[in-house]
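Let's take a walk through a protein model together. Keep the sequence and the 3D view open as you read, and look up each residue when its name comes up.

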Amino acid sequence: MHWDRLFEDLEGQLAAEWEAERAALDAESERLRISRLPLLTRLRLLQRDDAPIAIRLAGGERHAGRLRAVGADWLALEMPESSQALITPVAALTGVETHHGALLDTLADVPLPADGVRDRMSIGFLLRDFARRRLALRVALTDGERMHGTVDRAGEDHFDLALHDAGEARRAAAVQAFRMVPLNALLWVRTASGVL
């Protein structure tokens, strides 16, 4: 009888140790999985779930709304107070705020269907499309400058902006100046709604 209890205790201790070791391995495996989770994937999950967010940008700006698109290196935010989309390079983000449940949902191990072309579209590709469509934009730079104009062309790491007043079409007489803007100086662009 005494030996039976001893063996039961030993079996219980061994099972508890194995369970603790398995839990530690599971926790380490989860930490490793999360360490490999890119920001763009988490942003795409926030977009999929239509979670309300606020983005913080270099220079202290904060914009609230819902994610409408996430590209290769940019995101588009639909803001409730305007009919415009705010597009910002991911590199300009200093933070993304949302409620705790949505934040935890972005850690879930769920496969995201590939969005195909949009996932591969860079901000340069997007600006080239804006140039092709001759869209007038509001542009903010990381140094605090704000401009209005039309993208004439976009290169690999910069774009050319024809500066003109808001509400004016991009005509030679309306253009006040031309500016080459490095993409790393871009804080955001605002477009009319429905552009994306």
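This is a predicted model: local features need pLDDT of at least 70, side-chain atom pairs count only at pLDDT 80 or more; totals for chains, interfaces and linings use all residues.

Let's start with what is hidden: of the 196 residues of the protein chain, 35% count as buried. Buried here means under 20% relative accessible area, exposed means over 50%, and partly exposed is in between (1.4 Å probe, protein chains only). Residues are numbered from 1 along each chain as its sequence is written, and side-chain values use heavy atoms, with hydrogens and water left out.

What is the chain built from? Its secondary structure comes to five helices and 10 strands. Helices (H or I, at least four residues) and strands (E, at least two) are DSSP runs, numbered from the N terminus. A contact means heavy atoms within 4.5 Å. Among contacts between residues at least 6 apart in sequence, 56% join residues at least 24 apart.

Next, go inside. In soluble globular proteins, nonpolar side chains tend to be buried together. A nonpolar core is a set of buried Ala, Val, Leu, Ile, Met, Phe, Trp, Tyr and Cys residues joined through side-chain atoms within 4.5 Å. The largest one in this model has 24 residues, of which Trp74, Ile87, Leu127, Phe130, Val139 and Phe159 touch the most other members. At least two residues of this core come from each of strand 3 (74–78), helix 5, strand 6, strand 7 (146–154), strand 8 (158–163) and strand 10 (186–192). Helix 5 gives the most, with five residues. Domain 2 (39–118) and domain 3 (123–191) both give residues to this core, so it lies between them; the domain bounds come from an automatic or database domain assignment. There is also a second, separate core of 19 residues, which includes Ile55, Val90, Ala102 and Ala140.

Which of its residues are buried? They are Ile123, Gly124, Leu126, Leu127, Asp129, Phe130 and Ala131. Asp129 forms a salt bridge with Arg132, and their closest N and O atoms are 2.5 Å apart. A salt bridge is a side-chain nitrogen of Lys or Arg within 4 Å of a carboxyl oxygen of Asp or Glu. Both residues lie in helix 5, three residues apart, about one turn of the helix. An α-helix has 3.6 residues a turn, so residues three or four places apart point the same way. Still, Asp129 counts as buried at 17% relative accessibility, whereas Arg132 is exposed at 61%.

Arg134 has a positive phi of about 60° although it is not a glycine. Most residues other than glycine have a negative phi. At 33% relative accessible area, Asp50 is partly exposed. Asp50 is also linked with Arg68 and Glu78 in a network of salt bridges.

How many salt bridges does a search of the whole structure find? It finds 12. One of them joins Glu97 and Arg56, with the closest N and O atoms 2.8 Å apart. This pair links distant parts of the chain, as Glu97 is in strand 5 (residues 93–97) and Arg56 is in strand 1, 41 residues apart. Glu97, at 31%, is partly exposed, and so is Arg56, at 32%.

Finally, find Glu61, in the loop between strand 1 and strand 2 (62–70). Is Glu61 buried or exposed? At 16% relative accessibility, Glu61 counts as buried. Its side chain and that of Trp188 are joined by a polar contact of 2.9 Å. A polar contact is a pair of N or O atoms within 3.5 Å; within protein, one must be able to donate a hydrogen and the other to accept it, and residues adjacent in sequence count only if both atoms are side-chain atoms. Leaving out residues up to four places away in sequence, Glu61 touches Ile55, Arg56, Arg146, Leu187 and Trp188.
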